[in-house]
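Okay, thanks for coming, everyone. Let me put the next one up on the screen and we'll walk through it together.

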Amino acid sequence: CGGSYYRTEAILDAFSDENIAKLDWNMLGERFSKEIYSSDFAMQYALAARGWTIMPWEEAAQMHNSKEIPMAGPKDAAFRHYSGPVGKPTYELEWRSEDRHLAKDQPEKFRGKDPNCQLCYNLDRYVALYGSDKCTNRIPFTYSKLLMERYHPELKSRPCDLPSLC
């Protein structure tokens with residue numbers, strides 16, 4: 001979803017707790033793969049399920065193998081989305097001293113955790129970790145037994161050590 005922009009009305013509609021809960025995420029995960037839980041699929045699926053149109057932005061370029069030559073889109077695009085081997089160039093930019101107050105360092109307890117873990121969500125654990133359900137779907141969701149066996153078979157033989165799940 002990098003390089004995307006959306007209408008506020010579409011986001012508020014498609015991503016409401018109730019509309020997200022109506023989607024059969026377990027069926028999708030069982031039929032396809034755990035990658036359906038990544039934002040690149042899940043966001044577009046949720047929007048399409050509510051009838052919103054999704055299309056490429058003509059002024060975006062996908063930078064994948066080179067920081068200068070796009071894999072797709074115009075070379076002089078207004079927006080460049082970086083991914084793959086070239087990485088995210090702006091992630092390494094240093095803060096200006098006058099802007100440091102705008103963000104805090106990541107809390108120690110979250111450092112080194114995989115932020116891309118799929119099938120690692122549990123509402124109760126989220127509230128325990130972050131103190132409220134203010135920034136997440138407030139309707140509980142449970143992964144199917146098949147998905148847990150497929151993607152977390154280690155949980156049959158040892159205690160769960162996935163902070164967001166257990």
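So, how many positive and how many negative side chains does the protein chain have, and how far apart do the centres of the two sets lie? There are 22 positive and 24 negative side chains, and the two centres lie 3 Å apart. Lys and Arg count as positive, Asp and Glu as negative, with His and the chain ends not counted. Each charge is placed at NZ of Lys, CZ of Arg, CG of Asp or CD of Glu.

Quick housekeeping. This is a predicted model, where local features need pLDDT of at least 70 and side-chain atom pairs count only at pLDDT 80 or more, while totals for chains, interfaces and linings use all residues. Residues are numbered from 1 along each chain as its sequence is written, and side-chain values use heavy atoms, with hydrogens and water left out.

Now the overall layout. The protein chain has six helices and two strands, in the order α-α-α-α-β-β-α-α along the sequence. Those are DSSP runs numbered from the N terminus: helices are H or I with at least four residues, strands are E with at least two. The C-alpha trace spans about 50 × 45 × 30 Å along its principal axes. Of the 166 residues, 26% are buried, meaning under 20% relative accessible area; exposed is over 50%, and partly exposed is in between (1.4 Å probe, protein chains only).

On to the rings. The structure holds nine aromatic pairs. Rings of Phe, Tyr and Trp (its six-membered ring) pair if their centres lie within 6.5 Å; planes under 30 degrees apart are stacked, over 60 edge-to-face, and the rest tilted.

One of the pairs is Tyr5 with Trp57, edge-to-face at 5.0 Å centre to centre and 80 degrees between the planes. Tyr5 sits in the segment before α1 (8-14) and Trp57 in the loop between α4 (39-49) and β1 (60-63), so this pair ties together parts 52 residues apart in sequence. Tyr5 is exposed at 59% relative accessible area, and Trp57 is partly exposed at 32%.

Then there's Trp25 with Tyr45, also edge-to-face, at 5.8 Å and 65 degrees. Trp25 belongs to helix α3 (residues 25-31) and Tyr45 to helix α4, so here the parts tied together are 20 residues apart in sequence. Trp25 is buried at 9%, whereas Tyr45 is partly exposed at 28%.

And which residues do ring pairs link into a cluster? Trp25 and Tyr45 again, along with Tyr37, Phe41, Phe141 and Tyr143.
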